[in-house]
Amino acid sequence: GFDCIVAVSPALYEGLRTHFPNRVTLLPYGIRDDVFTCSLEARQSLRAEEGIEEGDVIFAFLGSVGRRKGFDLLAHAFTELAAEHPNWYLWVVGPHTREHNQNVDEFEVAEVTQPIESAGRQVKMWGRIDNRGTLSRILSAADAFVFPTRKEGMPISPMEAMSVGLPLIIARIPGVTDLANIEGETGLYVPPGDLPGLKAAMLRLGTDEELRKRMGARAAQVVREGFAWEPHVMKWM
């Protein structure tokens, strides 16, 4: 038997509550905001190391490379945009070979990444990054976080990106949209599977630096106020 089930998102909580009405507690994820911080120094140093110039735009993706995370959509959208914007970049963080994760389907990875081959140096595959400090530094160097996922519980990567001050472009599905992102304030929603919508959102943020900065600052504020690490630990206690 058990005394309590902890649900990490309202969508999960509502589903569980119908079966276990008196034994479910809603406790959303906390973000290590002491690690994932808005660091201008980290941003500037990594961009310099990678040859990124002022005015260049980096879109970041964090997750397993595959259809479930919507990477096929992202690959097509970025490839089309990259041809028109040679100073735009896509940084992909996450497992894409069986060496990174034994559950990776390398045939699927090859298929969904095929479009970005034409983008050449505008795409960087970072692979799996386990060190949270390194991951924070990579995200800090980006300008927007893109997450066109098709199915999730309560993913932590968009909130980590928000914590370092990135605006989101994210699929509007339960588990992603429950808590953190605020449409038009911290980022932009796109319908799941909507390639034109994804491309339009990337174009909007990619061409508007002021909007990126405003949304990014608000995103970091939302995480600090609602998902900070210390209050999260105290709730568990």
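## Helix H7 and its buried face

The buried residues of helix H7 are Leu198, Ala201, Met202, Leu205 and Gly206. Looking down the H7 axis, these buried residues sit within an arc of 125°, so they line one face of the helix. Keep in mind as you browse that this is a predicted model.

The length of H7 agrees with expectation too: its 12 residues, at 1.5 Å a residue, should span 16 Å, and the C-alpha atoms at its ends are 16 Å apart. Helix H7 also holds a proline, Pro196. With a relative accessibility of 59%, Pro196 counts as exposed, because the cut-off for that class is over 50%. Along the sequence, Pro196 is 123 residues from Leu73, yet in space their C-alpha atoms are 9.3 Å apart.

## Where H7 meets H8

Let us follow the chain into the next helix. Helix H7 covers residues 195-206 and helix H8 covers residues 209-226; their axes come within 6 Å and cross at roughly 95°. The two helices are therefore roughly perpendicular to each other, since angles of 65 to 115 degrees fall in that class.

On the H7 side the contact involves Arg204, Leu205 and Gly206, which meet Leu211, Arg212 and Met215 of H8. Sorted by class, this contact has three nonpolar, one polar and two charged residues. Leu205 and Gly206 are also among the buried residues of H7.

## The two sides of H8

Helix H8 buries Leu211, Arg212, Met215, Gly216, Ala219, Ala220, Val222 and Val223. Around the axis they cover an arc of only 160°, which puts them on the same side of H8. The face turned away from that buried side carries the exposed residues Glu210, Lys213 and Glu225.

What do the buried residues of H8 pack against? Their partners are strand E3 (57-62), helix H6 (157-163), strand E8 (187-190) and H7.

## Arg212, a buried charged residue

Arg212 belongs to helix H8. Its relative accessible area is 9%, so Arg212 counts as buried, the cut-off being under 20%. Setting aside residues up to four places away in sequence, Arg212 touches Val57, Asp143, Pro167, Leu205, Gly206 and Thr207. Arg212 and Leu166 are separated by 46 residues in sequence, and by 7.5 Å from C-alpha to C-alpha.

## Pro158 in helix H6

Helix H6, one of the elements that the buried side of H8 packs against, contains Pro158. Is Pro158 buried or exposed? It is buried, with a relative accessible area of 4%.

Leaving out residues up to four places away in sequence, Pro158 touches Phe145, Phe147, Leu168 and Ile170. Pro174 is 16 residues from Pro158 along the chain, and the C-alpha atoms of the two prolines are separated by 14 Å.

Helix H2 (residues 40-49) packs with helix H5 (residues 132-140) at an angle of about 80°, with the axes 8 Å apart. That makes H2 roughly perpendicular to H5.

Ala42, Arg43, Ser45, Leu46 and Glu49 form the H2 side of this contact, and Arg137, Ile138 and Ser140 form the H5 side. By class, the contact between H2 and H5 has three nonpolar, two polar and three charged residues.

Technical notes: Residues are numbered from 1 along each chain as its sequence is written. This is a predicted model: local features need pLDDT of at least 70, side-chain atom pairs count only at pLDDT 80 or more; totals for chains, interfaces and linings use all residues. Side-chain values use heavy atoms; hydrogens and water are left out. Axes are lines fitted to C-alpha atoms, for helices over the stretch in contact, and angles run from 0 to 180 degrees between N-to-C directions. Helices (H or I, at least four residues) and strands (E, at least two) are DSSP runs, numbered from the N terminus. Angles under 35 degrees count as roughly parallel, over 145 as roughly antiparallel, 65 to 115 as roughly perpendicular and the rest as oblique. Contact means heavy atoms within 4.5 Å. Ala, Val, Leu, Ile, Met, Phe, Trp, Tyr, Cys and Pro count as nonpolar, Asp, Glu, Lys and Arg as charged, and the others, Gly among them, as polar. Buried means under 20% relative accessible area, exposed over 50%, partly exposed in between (1.4 Å probe, protein chains only). The arc is that of the directions from the helix axis to the C-beta atoms. The expected span of a helix is 1.5 Å times one less than its number of residues.
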